[in-house]
Amino acid sequence: MTDSNSGQIDHVLIEDRLFPPPAEFTKTAVFSTQEQYETMCNQAAEDSDNFWRGEANEHLHWFEPFKEVCKWNPPHAEWFVGGKTNASYNCLDRNIEAGLGDRIAILWEGEPGDQRTLTYSDLRTEVCKCAEGMKQLGIGAGDVVSIYMPMTPELAIAMLACARIGAVHSVIFAGFSAESIADRNNDAGAKLVITADGLYRRGRVLPLKATVDEALEKSPTVNHCLVLRRVGNEDVSMVEPRDVWWHDVVDPQPGELPAKPMDSEASLFILYTSGSTGKPKGIRHTTAGYNLWAKRTFQWVFDHREDDIYWCTADCGWITGHSYIVYGPLSAGATCLMYEGAPNFPAEDRFWELVEKHKVTILYTAPTAIRAFIKWGDEHVEKHDLSSLRLLGTVGEGINPEAWMWYHKKIGAERCPIVDTWWQTETGGIMMSPLPGITATKPGSCTRPLPGVIPAIVDETGKEVDDQHGGMLCIAKPWPGMLRGIWGDDDRFVQQYWSTVPGKYLTGDNARKDSDGYYWIMGRIDDVINVSGHRLSTIEVESALVSHEAVCEAAVVGRPDALKGQAIAAFVSVRDREPNEELRKELLLHVRKQIGALAQPDDLRFTATLPKTRSGKIMRRLLRDIASGKEIAGDTSTLEDLSVLAKLQEDE
Ligand code: WT7
């Protein structure tokens, strides 16, 4: 059991409130009876091939039919083997052919308040233009394209354009540093980087292209950089012939490129995420299985209807944006609101203004955002008419019951079901979640698995634990949306996910199942921390710190934080430098430069030595206690010798 957020576990364990689905909602829901859910789960478990054959044939377009549903060569799975499809076709052409060409696909609002709407036909034209432009830059099937962009429609367009020609996108969240971009470009062998002249954030302009320029100095595989003019930044330096403008290369294209039939198992994208070691890993997802999983889970969990205005507040730089802004909702023909900026710009009511203005019916956001809204005050919510909402969702971390209740009362007016969706970058889409028409919810529980998901909670020996007992959460059977590997590192894939419990996918989370069969996620087993719903490896931050010349050794742990879920606490021993305020600032900045602002420690303490066990392992539990203020009273931010404390602990 993880000790990093054990405080939350106690809280969660006593939660016994039950919120049945509103009868009104159930009447028209996609899942309206428990039997329907059970039947589907049984089919998917007992006759998996038939179940998924039917799903894939009905819900994806096939240029060539697949011959085999699932080839399972543990731990390598292939789905819909031999078939040819295209994710961009499924998101665009298939809907247009079904008569939805004039339906709004993306309803976009920029941070400064500018708006654009793209119908499915408009979106296809833009995607084709971008694909045609990329082809002129020498990009074809199998080439990797890094995308480092603001949340403009062009970000989704660029992703779908890659899918259209079979290029593999690697979206890099626009908050990452030049160093992180270069690492990702090099690991993936990216040939093209798509970026913008800048990005608006709380009224300020961040110079994206300048960051990319720095990254490109260390990215030898990249031949071209395609630049969108978003903010009209005059200072952009364009290096010829490497750098080209979107308006020169993309806009003049005809916009008519047919989608390329792709093998079911062709890589659709790579997305880098943190594991328990220092180096982020490129999670590889493929075409057909991922696309089907994103689409069906979207339809099931969000109970999608054609008149819905759906808003997922994530950034496309994370898996949530991939699956639930782009591939899931667009495959389902949904109308999606996409917002570029911060939730508190120009004021703390921006989200609620957007919900009211665009009559949003489904809202999908993160617990960390909800906690910020609570802090900002109810008056920002009360100013707006939120009666269009019918369904609420959360993702990224467990939601604490207080935040759940606030969301339920203040945003949902006690009438909207809440879907707490548990999943991971690796799972491709939602794995466990309430189905809003049928599942009675309990604040803090992601309730039950979706059809086709077979969870297993096991102990250290790999044996399934009895219900009620916590253990490591695994998934016992392959599912269409599962990751197919780590880019360029199959050993790590096997070792990380399939070796601890042979034959089962190890999620890295701890979980417990209650007497109603509901699952409760209880934090990580590894050194991964969750800061504002963003996943970070403590070792990654440690590596960044020790890459500074003054740092001898560093240990990083998570500590509970009311707003972020977890905050980052760093313990650092230094050499040849005075451990003072100036150095502290320098080190914080260094981490920002190495990884990005999201990895900057919230606390940084200097220590003469780090507490170690006799075998030399850093005593993380002790550091976590110190970081959360449990062990030492008063100001611990000054120089101290933690090895003394460690000795005391060992003697106990
Ligand atoms: C980790 C995955 C899923 C997309 C966003 C994050 C934690 C995520 C929940 C939830 C409890 C959750 C887990 C998971 N997590 N959703 N509803 N309840 N924990 O994707 O960056 O791959 O992180 O986030 O620890 O393993 P990610």
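Phe80 is buried, because 30 other C-beta atoms lie within 10 Å. The model described here is predicted. Phe80 sits in strand E2, residues 76-81. Its phi is positive, about 60 degrees, although Phe80 is not a glycine.

Asp303 also has a positive phi, near 50 degrees, and is likewise a residue other than glycine. Asp303 lies in the loop between helix H11 (288-301) and strand E16 (309-312). With 24 other C-beta atoms within 10 Å, Asp303 is buried.

Two peptide bonds can be described next. The bond from Glu240 to Pro241 is cis, with omega near 0 degrees. Pro241 belongs to the loop between E11 and strand E12 (243-245). Phe345 and Pro346 are joined by a cis peptide bond, with omega about -5 degrees. Pro346 is placed in the loop between strand E17 (335-339) and helix H13 (350-358).

The UniProt record, an unreviewed entry, lists residues under "binding site". Arg535 lies in strand E27, residues 534-537. Arg535 counts as buried because it has 22 C-beta neighbours inside 10 Å. Leaving aside residues up to four places away in sequence, Arg535 touches Thr273, Ser274, Val528 and Asn530.

Trp423 is found in the loop between strand E20 (418-420) and strand E21 (455-458). It has 26 other C-beta atoms within 10 Å, so Trp423 is buried. Beyond residues up to four places away in sequence, Trp423 touches Gly429, Ile430 and Met431.

Helix H9 spans residues 208-216. Its buried residues are Leu208, Lys209, Thr211, Val212, Ala215 and Leu216. Seen down the axis of H9, these buried residues fall within an arc of 155 degrees, so they line one face of the helix. The cover over the buried residues of H9 includes helix H8 (178-188) and strand E6 (144-148). Strands E8 (192-196), E9 (199-201), E10 (204-206) and E11 (224-228) are also included in this cover.

Definitions and conventions. Residues are numbered from 1 along each chain as its sequence is written. This is a predicted model: local features need pLDDT of at least 70, side-chain atom pairs count only at pLDDT 80 or more; totals for chains, interfaces and linings use all residues. UniProt positions are given in the numbering used here, feature names are shortened, and annotations may be inferred rather than shown by experiment. Helices (H or I, at least four residues) and strands (E, at least two) are DSSP runs, numbered from the N terminus. A residue is buried if 20 or more other C-beta atoms lie within 10 Å of its own, exposed if 12 or fewer, and partly exposed in between; C-beta atoms are placed from the backbone. Two residues are in contact if their C-beta atoms, placed from the backbone, lie within 7 Å. The arc is that of the directions from the helix axis to the C-beta atoms.
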